[in-house]
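The sequence and the structure are shown first, and the description follows.

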Amino acid sequence: TSVACPIVKMAVREITVINVPSDIGSMIKGKHLTPAAFQSLEFVNKLTEAGFKVEERDALPDGPRSWGFGASCDPNGARNEEENVKVNRQVKEVVSGSVGSGGSNPPLQFIVGGECNIVPAIMSGLWDKLSPKRVGLIYVDGDCDLTVPGEPGSSGNLASMTFTHMAMLPGALQSMQPFTRPDGRGVVD
């Protein structure tokens, strides 16, 4: 069986590839290897050969962040909370910088990683630069990521709390407050 994919002409000709080699807040170790896998496939070169102007940025210049099996929950009920927030700060800064002034046609942002707990930082960086324009998100995941830190049965992994922090629902970590819209609301309704 073969599948045909039509080639769609994009209005965007500039792409920023942002590498985030992290699984510090994930439930599955190994996601930090995703950017290296894309690099081994010469992803940026292939985009350039296809006619795109591509800039590649590293959100974590000090190297990958990965969790260990022995990580315990911090007092607020999240594993590696401080390190997760640090990664999110770095991601937000790089996303904000790559969008620039938020002009009429910013580069397409292609974030290469596998860890969903950085989505609040990505969305917050976009809101900071593109507001008052609306920023949208299509979110597909294996579960709803609505865990509240410290609730009974919680793994403590920030990846299980992603949507809680995107919407800043009751029980969201105070340390994730910087990853909201400019007016302090969650990055999604």
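## Nonpolar cores

In this predicted model, the largest nonpolar core consists of 31 residues. Val 20, Ala 59, Val 91, Val 95, Met 123 and Leu 126 are the members with the most contacts inside this core. At least two core residues come from each of helix H3 (81–99), helix H4 (119–130) and helix H5 (162–167). H4 gives the most, contributing seven residues to the core. In soluble globular proteins, nonpolar side chains tend to be buried together.

Met 123 is one of the core residues with the most contacts. When its neighbours within four places in sequence are set aside, Met 123 is in contact with Val 135, Gly 136, Leu 137 and Val 187. Another core, of six residues, lies apart from the largest one; Val 44, Leu 47, Phe 52 and Val 112 are among its members.

Is Thr 16 buried or exposed? The relative accessible area of Thr 16 is 1%. Buried means under 20% relative accessible area, so Thr 16 is buried.

Which residues does Thr 16 touch, not counting those up to four places away in sequence? They are Glu 55, Arg 57, Ser 98, Pro 107, Leu 108, Gln 109 and Phe 110.

## Secondary structure and overall form

The protein chain contains five helices and three strands. Read from the N terminus, these elements follow the order β-α-α-β-α-β-α-α. The radius of gyration of the protein chain is 17 Å, close to the 16 Å given by the globule rule for 189 residues, so the chain is as compact as a globular protein of that length.

Taken along the principal axes, the box filled by the C-alpha atoms is roughly 50 × 40 × 40 Å. Among the contacts in the protein chain with a separation of 6 or more, 70% are between residues 24 or more positions apart.

## Burial, surface and charge

Of the 189 residues in the protein chain, 43% are buried. The accessible surface of the chain comes to about 10,200 Å², and carbon and sulfur atoms account for 57% of that surface.

The side chains of the protein chain include 17 positive and 21 negative ones. The centres of these two sets lie 6 Å apart.

Notes:
Residues numbered from 1 in each chain as written. Predicted model: local features only at pLDDT ≥ 70, side-chain atom pairs only at ≥ 80, totals over all residues. Heavy atoms only, no water. Helix = DSSP H or I, 4+ residues; strand = E, 2+ residues; numbered from the N terminus. Rg over C-alpha atoms; globule rule 2.2 N^0.38 Å. Buried < 20%, exposed > 50% of the residue type's maximum accessible area, 1.4 Å probe, protein only. Contact = heavy atoms within 4.5 Å. Areas by Shrake-Rupley, 256 points an atom, 1.4 Å probe, with all protein chains shown as cover. Lys, Arg positive; Asp, Glu negative; His and termini not counted. Charge placed at Lys NZ, Arg CZ, Asp CG, Glu CD. Core = buried A, V, L, I, M, F, W, Y, C linked by side-chain atoms within 4.5 Å.
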